[in-house]
Amino acid sequence: MNLRKWNRAAHAYEPYEVPDDWDVRCFETDMSAEVNCCQCGRAVAFGETYTSCEVHTPVGFGYVVCYDCHVAEIAREKTWREERDGKTRL
């Protein structure tokens, strides 16, 4: 399945492929429905997911990620901002 992943440095989306058997979503009415994290593929209940800051639908809605991938996305954004700003924040 072809998704899109935001590249902060390039300020553009890049193709991002996940296996066709992953059930990646950005919306679900059943919070107990089991879906896959769009970053690592881990199966998790939809109600326990976070919105991805990096992997989006063509109109910009974020697919869901597990907690660990959410933390990793936030860390990547923090590092990018620090490098962009030329300083390190605690």
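User: Which residue takes a positive phi in the hairpin of β5 and β6?

Analyst: Gly 60 does, with a phi near 100°, in a hairpin that has 5 residues between the strands. The model is predicted, so local features need pLDDT of at least 70 and side-chain atom pairs pLDDT 80 or more, while totals for chains, interfaces and linings use all residues. Residues are numbered from 1 along each chain as its sequence is written, and side-chain values use heavy atoms, leaving out hydrogens and water.

User: What makes β5 and β6 a pair?

Analyst: Strands are DSSP runs of E with at least two residues, and helices are runs of H or I with at least four, numbered from the N terminus. Two strands pair if DSSP finds at least two bridges between them. β5 and β6 (residues 62–65) have 3 bridges, so they pair, in the antiparallel sense. One of the contacts across them is Tyr 50 with its bridge partner Val 65 in β6.

User: How do you know that β1 pairs with β5?

Analyst: β1 (residues 2–7) and β5 (residues 50–56) share 2 bridges, which meets the requirement of at least two, so they pair, again in the antiparallel sense. Here Arg 4 stands opposite His 56 in β5.

User: What makes Arg 8 and Glu 77 a salt bridge?

Analyst: The rule is a side-chain nitrogen of Lys or Arg within 4 Å of a carboxyl oxygen of Asp or Glu. The closest N and O atoms of Arg 8 and Glu 77 are 3.7 Å apart, so the pair qualifies. It links distant parts of the chain: Arg 8 is in the loop between β1 and β2 (12–17), and Glu 77 is in helix α1, 69 residues apart. With 13% for Arg 8 and 19% for Glu 77, both count as buried.

User: How do you know that Glu 77 also bridges to Arg 81?

Analyst: Their N to O distance is 2.8 Å, which is within the limit, so this is a salt bridge. The two residues are 4 apart in helix α1, which means a separation of about one helical turn. Arg 81 is partly exposed because its value is 35%.

User: How many salt bridges are counted?

Analyst: The count is 10. Among them is Arg 84 with Asp 85, at 3.0 Å from N to O. Arg 84 at 47% and Asp 85 at 31% are both partly exposed. Salt bridges that share partners join Lys 5, Arg 8, Glu 54, Arg 76, Glu 77 and Arg 81 into one network.

Methods. Buried < 20%, exposed > 50% of the residue type's maximum accessible area, 1.4 Å probe, protein only.
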